[in-house]
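Please keep the sequence and the model in view while reading.

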Amino acid sequence: MGWFALGARYAMGAPAVVMVASHIGFGAFAQANGISSAAAVFSTVAIWALPGQFVLVEAWVLGAGMFAIVPAVMFTAARFLPMSLTLIPLMRHPRHGKPAYFAAAHLISNISWAAVTPRCDEIPVSERLSFFLGFSTCCWSIAMVSVAAGYALAGAIPRSVQGALLLFVPLTYLLMLTGEVRHRAGRLALLFGALAGPLAHLLDPHWGMLAGALVAGTAAFGLDRWLRSHG
Amino acid sequence: MDSARLWGVIVICAVATYLWRGLGVMFSERIRPDSAVFAWVGCVAYAIILGLTTRIVLMPSGALAETMLSHRLLACAVGLIVYFASRRNLLLGTLSGVSAFAIAAQIQAAA
């Protein structure tokens, strides 16, 4: 089996479940807010960042203008900078052309970053991009279909079931990251990040998330370096 | 309601979102995976994802906000236990966690 197929196969487990669960939720949300099914699916194709898509629909329905919507969506996507910055170098290999990285970058999302980054050690450098593309295109396609399905099923899904579906999102990241991240700096970053996230959100729901992660990540990095020189 | 304007907004938001990803690719040309900067940015990214995760569990919005905190924490505990007991079977772990949550919610509703 090629690495593209291996990536796709890796996606066809828990990642597929979390894609279905969360995107059904988005489809139902779009339907409830009077956005067309085509526009909802298109947002998944073009934006491919669920928090931003929720913000877009919410703001659009409230009648917000372009100058209010675009910065709000852009703000929620800032996490992609550190993600792309750390995942792309792991996939670099002379056999890939520059455009390949820019194309792959569009597919970087929470799920693909969290699933592929810790796995890179086990994949030959030249094959990492293939594995990533197999994984990501699989998640992306499942997400598109799920948005359309959620849109069609909206109203038929009880509120309690919607809540349970949404629970797949934090559970997947909690298990995936605690299980797959083995190096000390990463583990410290997960621990500090887990504590900082809710605290920072209480302080400021907009900038808190990023500021808290910056502090937590820097503390983890610093502590790891300190332990390395003193341990 | 659904006009060409909405599609236009989606396209512009897509460009705005991609900007971060594209900038990451551009900057990453100057970062070696064995450098300190790389390790530091990686730590920040891990902190972002797990911070977002615990925030959703402790302070959710939408339909999840109508569920009980104790049930959500139970789901995390069961999920983690099953995941590690099954030698890191992610699907089994998440399904067990959500099942525990659903059962707890049913018992609560019946009581």
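A salt bridge is a side-chain nitrogen of Lys or Arg within 4 Å of a carboxyl oxygen of Asp or Glu. By this rule, 3 salt bridges are found across the interface of chain B and chain A in this model, which is predicted. In one salt bridge, the side chain of Arg159(A) meets that of Glu66(B), at 2.7 Å from N to O. Polar contacts between chain B and chain A number 16 residue pairs, with both residues at pLDDT 80 or more.

Which helices of chain B supply at least two residues each to the side that touches chain A? They are helix 1 (4–28), helix 2 (36–58), helix 3 (69–85) and helix 4 (90–110). By class, that side of chain B has 49 nonpolar, 14 polar and 8 charged residues.

The contact as a whole draws 92 residues from chain A and 71 residues from chain B. Between them the two chains bury about 7400 Å², and 80% of this area lies on carbon and sulfur atoms. Within chain B, the most area is lost to chain A by Trp20(B), Arg21(B) and Tyr46(B), which together account for 12% of what that side buries.

The next point concerns packing inside a single chain. Two packed helices are described by the angle between their axes and the distance between the axes. In chain A, helix 6 (residues 80–91) packs against helix 9 (residues 128–153) at an angle of about 125°, with the axes 8 Å apart. Helix 6 and helix 9 of chain A are therefore oblique to each other. Helix 6 of chain A contributes Leu87(A), Leu90(A) and Met91(A) to the contact, while helix 9 of chain A contributes Arg128(A), Leu129(A) and Phe132(A). The residues of this contact comprise 5 nonpolar, no polar and 1 charged.

Key
Residues are numbered from 1 along each chain as its sequence is written. Chains are lettered from A and ligands numbered from 1 in the order in which they are written. This is a predicted model: local features need pLDDT of at least 70, side-chain atom pairs count only at pLDDT 80 or more; totals for chains, interfaces and linings use all residues. Side-chain values use heavy atoms; hydrogens and water are left out. Contact means heavy atoms within 4.5 Å. Buried area is the accessible area (1.4 Å probe) that two parts lose on being put together, summed over both. A polar contact is a pair of N or O atoms within 3.5 Å; within protein, one must be able to donate a hydrogen and the other to accept it, and residues adjacent in sequence count only if both atoms are side-chain atoms. Helices (H or I, at least four residues) and strands (E, at least two) are DSSP runs, numbered from the N terminus. Ala, Val, Leu, Ile, Met, Phe, Trp, Tyr, Cys and Pro count as nonpolar, Asp, Glu, Lys and Arg as charged, and the others, Gly among them, as polar. Axes are lines fitted to C-alpha atoms, for helices over the stretch in contact, and angles run from 0 to 180 degrees between N-to-C directions. Angles under 35 degrees count as roughly parallel, over 145 as roughly antiparallel, 65 to 115 as roughly perpendicular and the rest as oblique.
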